[in-house]
Structure formats: structure tokens, C-alpha cells
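Hello,

I am passing a structure on to you, with some notes on helix packing and on a sheet. Please have a look at it alongside the text below.

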Amino acid sequence: MIFLKGDKIMCGIVGYIGRRDCSDVLMDGLEKLEYRGYDSAGIAVFENGEIKTVKTRGKLKAMTEKLARDGKPQGFCGIGHTRWATHGEPSDVNSHPHSNGRVTIVHNGIIENYAQLKEFLTEKGYEFKSQTDSEVVACLLDYYYAERNPLRAIMETVRELHGSFALGILFKDFPERVYAVRKGSPLIVGVGDNEYFIASDIPAFLKYTKKYIILDDDEILCMDTNGIEFFDVHGITIKKEIQTAEWDVEQAQKCGYPHYMLKEIHEQPTVVRKTLDMLVKDGVPVFDEIGLTDKMLRGVSRVFVVACGTAMHAGIIARYAIEKLARVPVTVEVASEFRYMEPIVGENDLVIVVSQSGETADTKAGLELAKSRGAKTLAIVNVKYSAIAREADMCIHTPAGPEIAVASTKAYSVQVAALYLIAFRFAFARGIILEDELKRLTEQLYRSPEAIENVLKNKDECQFIASQLVNVETLFFIGRGFDYALSLEASLKLKEITYIHSEAYAAGELKHGTISLIEDNVPVITVATQQNVLPKTISNMEEVKARGAKIIAICRKGTEFAEDTVDLRLDIDADMDDILVPLPTVCALQLIAYYTSVLRGIDPDKPRNLAKSVTTE
Ligand code: G6P
């Protein structure tokens, strides 16, 4: 297997110092980070002054078996890692932690200049055991450790590294002490009662403490039994603020659901309502607190939505809503394109970046570019302490809580809910709708939690549709307007977790080429909730039906189709305006993807090749 630089990567890092059994704490933390995707794992723990490392290719089960076989390191201080291979295939030797005797490290990110550094270190007599870029960091730290000063070694090393990294570091000469440093990859410090943690994400230590500190770029952490200390790149001590996580342990667990994804789909009515409650005051959306005033909205001449994956699809819903209601042009750009396309964006523009994790490298770069061009920037982000949340001029922190399943569901719904409210306020600020209409639209949106609940009540129907898809090789989603935006998301969801090839098309576009792929029994899932284009969508259904397609219609309750047009239908029971129906409809489409995945014997929470968040290009 060849893994190329630039592959998705989101390894998990944990570290601990305290009085608990360190191996157990590390393994438990790694389990909480499993969602990030990984192919090997390992831990290194100080045992009677020596560093004992156990690592293996494979899942945590393989680690547990190895620990049982070889003996669990006994100690109170150590680091752990789940690896997502980029440089060098998944293997025992390429797994982290990496060590060269004096220094042991775990690394998340990519060292772009590792080849040059490796050459330099080889000349200095270093030998490499693995094919990873990370081992180079361990050796470079050792090289700069000549004066046996860990802080100095880290400062010198960091200066040489290009790329992104979060590092957990043990120095053999300093037992019961963990160092950490980061640039571009997330690292959070958990602050307990005489015990401290590092982790790539809060759920890894949430069981022990809710108090945390965000390690920022170019900051160095030292934690030992005496406490924690932070330094800047010049070695000067810095003060950091302790924050309290709003999540609780229950939110980060499956709570009786077979998968996180199903649990998160079911949380949608609650988190959408929470989003509305958070942004609506006296029956209307208000954004003054974050600085998005009516005056500012009036001055905006264009809107860009910049995001990746599912978050980008939320942006497409926003495009239809903002253009329709506020009559402002909206461009939705894939962040990886936006950042290199030399976009024509300036101070009269509002750039909305949407991201569940708030760490997606391309989205972050898009935000930085927009800021540098003087645009106003608004982030819609689910993870409060994330880089994007902190960098944007304005930020809406969506209250979806931790989203663990790789395929995004509830984060999408809260993004869409927030974006609708922005569209309403935009229209009002620009005088296109009056307060009565603003109130009416908001009240309509408040109906969405109930409409989503109606979909959840009928999940058997989604399960039945899934049973019809389980053995297909390819399928299509078609729709117009908002239904097209939904088709894109439905197709992505299905591909992500079922591995079935599917394509989403604007219903009217299929006949310009792709219809040649339609043959007997190819399923065409038609999203047909928008009455203004319904007759047109029905014509498109008939076009494919005539070529043998099996039509599955996702439509509003009461929609009538000519006899024989539709093979299967799923009714969305929602008492609300058409433009708001995407919220309950997406829930049905998520459930169809979920059940198809389960029926195909796939774990929907951990689809192959995918990472929850992508912190490299
Ligand atoms: C990855 C995930 C997708 C997600 C996308 C954007 O590709 O697999 O599910 O939609 O990143 O992530 P973000 O955290 O920025 O929303």
C-alpha cells in the first residue's frame, strides 16, 4: 500500500501525568479518539525510570491483546497515539511512539521538509528504523538535546520543522514529565486535580476533568507532578486561561445506540431547537452580540460560503436561502479551490466559513485569505476552542455537542438552522421583508424539530428503502433547488458510509449526458419537496423511468404522482414552508444511508479512508 503525502490525516494524541494507572488512562483516551480514524496505535510509559513502549499495527483490540501478552507498562506518566498512515505503510515499526533512546515522541500532522532533515541527520550519524516523517522529529530533538535541556531542544527543533504538528514528548532523563508543542494540529491540555492530560480532543479526558487549556501554535507545555507550565518559542513563561467544557461524558457516549451516527441523527431535534433558542430573541434572529449587525448586513454586496464536505453542502442550502430571501449574490466555494483560485473578494464581502471541527486546513486557509483581503469573516463552527472559531472576526458556535461519527449529521443540521436565521435577518436588514414576515419565518423554522421527530418516528420506512439499496452498485440522487442541495449531501453521506457509487445531479441536468448511465433497475432517488419546481422534477423522473430506472421519491406528504411513475416513496410530514423542509428531509436521507451501511455490514461510525477532520491539505 502506498500512502502519499497529503492523504487525510487526523491521528490521535494522548498524554498523562498523575496517580492513575497510566496505561489504562492512555488506552481509554485513545478509544475516545478512535473516531478520528487510524490504522495503528501505541503507548509509551515511564516504568521505574525507563520508558516502556508497546505499539502495533491494527486497531486498539490488537493493542489490548499485545498489552495482555507482553505485559502492560506500569507507571503514572506517558504518551499514546493512534496513527493514520501518511509516510510509510501501517506497520508495527511505523507506529508511534518513536524513540531514539533519549527522546520518545508521538506526532500528529505532516513534516513537509522531513526528507531534507533526514538527510542532515543521517550525515550526523543518525539511523532510522521507520519510514515515517515523525521519527525525524525524535532524532532532531535528540540532536538539539546536546545540552540536556529539554525546553531548548524543543525550541530549536520547532524552528526547523515545516508543516503541521502536535507533539507529545518524553525525555528519558526526566521521568514523570511530559512535554508538548503544536503548530497547526490541535492539542488540548486537561487540568485535573493533581493530574494533567494532553489530547487531540476533549472527549479523551472528559471522564476525568472538564477543565482544559488550549495549547496555541508555537506554545510549549511542560507538565509534571508539580503542575503545568507554558512557554513561548523563546522560552519565556506564558500564562494561559483555564476553560470549562460544556460537554458532559454522556454526550460523548453512545447511550444505548448501536452507533454514534444513529445517536447523533436522533439528537437533531434537540440540537436544532437549541440553535434556534440561542440565536432568536423575542421571536426574531439577532446577531448583534457577535457583531453581525443590520448595518453591516446592509453594506454587504456579496456573500461567499467557504467550506469542505458536508459543511460545504450546508453552504449550498444557505446560497438558495440567502439569494431567495435577501437577494444578495452568494457563491459557495470548496475551500481547497477557494484558497488557490485568487478569488475576487474584498471589504464589501462577507465570507462565511462553515466547519464542524473548526480545524479543517483548507477552510482555515480560506478564512485567512479572506481576512487578508479585508473581507468580513463569519465562522459557523461546532468546536468552540478550534482555530477557525478563534480566527474569524465573528463566530457562531453551534451547540450540537460532540459529533463523534465520521459522517456528519447533527452538525450539518445546526449549520443549516443557523444559516437560515442569517438569511432571514439579512432579508430584514435589507428591507426586503418586514418584521411580521421575519417573525413568521422564524416561527416556521421553529417547527423543524417536530418535523424531524416525525421523520424519526417513521425510520422503519427509511430502513425499508435501505433494504432495497443494499446490493446495488450505483445509484443517483436528483433534485432541483433546495432538493438539489440535499441530493448532494445525501449522495455524499451514502458514499461515505456504504461505499456504493452514487452521483447527485440537478434534476434537469441529467439528460445532458449522464442519463446514458441509466439502465434497468438503477435506483434514482428523487428529492421532490419543492412545489415551485415539482412539475419539472416529475418530468425528470419520467425521463429516467422511461429508461428503466427504479424511482424512489422523497416528497412532501400529499404529493401526487401519475400512476407508475414512482416505485417507492417516503413522505415528509412537515407543516412548514417549502424552503425550510430540507431540515426534516435530510434526516430521512441520513437514515437511509445509515441503514444501508449497517445492512452492508459496515461500521458507519468509522468508514474506511475517511478522517473526521482533515488538518492537512
Ligand atoms: C472531512 C469529513 C467530512 C466533513 C469535512 C469537513 O472530510 O470526513 O465529514 O464534512 O471533513 O469538516 P469540517 O470539520 O470542516 O466540517
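Axes here are lines fitted to C-alpha atoms, for helices over the stretch in contact, with angles running from 0 to 180 degrees between N-to-C directions. Helices (H or I, at least four residues) and strands (E, at least two) are DSSP runs, numbered from the N terminus.

This is a predicted model, in which local features need pLDDT of at least 70 and side-chain atom pairs count only at pLDDT 80 or more, while totals for chains, interfaces and linings use all residues. Residues are numbered from 1 along each chain as its sequence is written, and side-chain values use heavy atoms, leaving out hydrogens and water.

First, the helices. H16 (residues 459–469) packs with H19 (residues 582–599) at about 50°, the axes being 8 Å apart. The two are therefore oblique to each other (under 35 degrees is roughly parallel, over 145 roughly antiparallel, 65 to 115 roughly perpendicular, the rest oblique).

Seven strands form an open sheet in the order E5-E6-E7-E8-E12-E13-E14, with antiparallel pairing; two strands pair if DSSP finds at least two bridges between them. E5 (98–99) and E14 (237–238) each have a single partner strand, so one side of each lacks a neighbour in the sheet. E13 (residues 227–231) pairs with E14 over 2 bridges, and Phe-231 has Thr-237 in E14 as its bridge partner.

Best wishes
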